[in-house]
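Subject: Structure handover

Hi,

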Amino acid sequence: MADEDDIVLSELSDDDLVAQMHDDLYDGLKEEIQEGTNILLGRGWQPYDVLTKALVEGMRIVGIDFRDGILFVPEVLLSANAMKAGMAILRPLLIETGAPKLGKMVVGTVKGDIHDIGKNLVGMMMEGAGFEVIDLGINNPVENYLSAIDEHQPDIVGMSALLTTTMPYMKVVIDTMKEKGIRDDYIVLVGGAPLNEEFAEAVGADAYCRDAAVAVETAQELMKRKHNRGPA
Ligand code: B1M
């Protein structure tokens, strides 16, 4: 489109650029998202503000039109790719930390579910806060969590689910940990758009994390309590 081509991102005010980035994310324009991300950083924006105000908010808008049948899977995949391209620029900035390691987390999206943007974001923010993160990726059966627990001996097991059909699988993982007598050795955190606190309690998790910032706060808080409890 002629007028789209005429837009020079670097000439837009911050507010207009952020609004344009929401449009570009909607249209799945990866290069424009990369450019917009770099421009905002160049103007002194904090990486976290670029992430939340430009990228996450843009994806929220995509989600509404996906829900309402205005956008379809192929289009949303392009949006997701554009989002990931922006996140890739922010990642090293968000995880830059001189802080001593606070603990270790294994995190993955549960079986049947391929959504990974939120989980990746949680991983980035946790690394930024000084946690070591082992990312199991998507579509994880219980065996993957168990072998990662065995191999990495994390402090925290994190699970992500974005579908109402996959979130019950979190209970399968927690119940299996109980059967093996290892549930109480770990902090179990769960998150994802369709979850809530009641659900987390019902499946036996330690906490529900509404977003990546809450995941960090919760992990820090529960790690403090774990240390205060002392060795078993
Ligand atoms: Co899908 N999708 N999708 N999708 N998708 C949703 C989730 C949906 C709500 C859209 C809608 O209808 N409004 C809907 C689910 C409805 C439901 O279950 N009630 C849906 C559907 C139906 C589907 C398919 C079934 C569509 C189809 O095929 N017909 C299909 C399922 C595939 C599968 O998994 N088996 C599908 C596919 C896809 C794409 C592949 C196209 C793409 C995913 C690409 C990718 O992830 N690589 C996609 C996307 C992008 C979305 C939406 C639009 C955006 C999700 C996202 O990335 N949000 C989503 C709509 C929505 O959520 N509003 C939707 C941004 C992200 C930053 O937020 O993931 O919530 P979020 O993560 C947050 C918090 O939730 C929390 O912190 C994160 C950061 O702040 N959090 C955690 C998340 N995980 C955590 C783990 C923790 C802690 C906190 O552990 C400690």
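Helices and strands below are DSSP runs, numbered from the N terminus; a helix has at least four residues and a strand at least two. Please keep in mind that this is a predicted model.

Histidine 115 sits in the loop between strand 1 (103–110) and helix 6 (117–128). Its NE2 is the only protein donor of the ligand's cobalt atom, at 2.2 Å.

A polar backbone atom of isoleucine 114 is 2.8 Å from one oxygen atom. For threonine 164, the distance from a polar backbone atom to a ligand oxygen is 2.9 Å. For alanine 212, a backbone N or O atom lies 3.1 Å from a ligand oxygen.

Cores. The largest nonpolar core has 46 residues. Those touching the most other members are Leu40, Leu55, Met83, Met87, Met126, Ile156 and Leu189. Leaving out residues up to four places away in sequence, isoleucine 156 touches Lys104, Met105, Val106, Met126, Phe131, Ile187, Leu189, Ala219 and Met223. A second, separate core has 24 residues, among them Val142, Leu146, Ala161 and Tyr169.

Backbone. Most residues other than glycine have a negative phi. Asparagine 139, in strand 2 (residues 131–140), has a positive phi of about 55°. Asparagine 139 is partly exposed, at 40% relative accessible area. Glutamine 153 also has a positive phi, about 45°. Glutamine 153 is in the loop between helix 7 (142–152) and strand 3 (156–160).

Best wishes

Notes: Residues numbered from 1 in each chain as written. Predicted model: local features only at pLDDT ≥ 70, side-chain atom pairs only at ≥ 80, totals over all residues. Heavy atoms only, no water. Donors = N, O, S within 2.8 Å, 3.2 Å for Na, K, Ca; no water. Core = buried A, V, L, I, M, F, W, Y, C linked by side-chain atoms within 4.5 Å. Buried < 20%, exposed > 50% of the residue type's maximum accessible area, 1.4 Å probe, protein only. Contact = heavy atoms within 4.5 Å. Polar contact = N/O pair within 3.5 Å; in protein donor to acceptor, adjacent residues only side chain to side chain.
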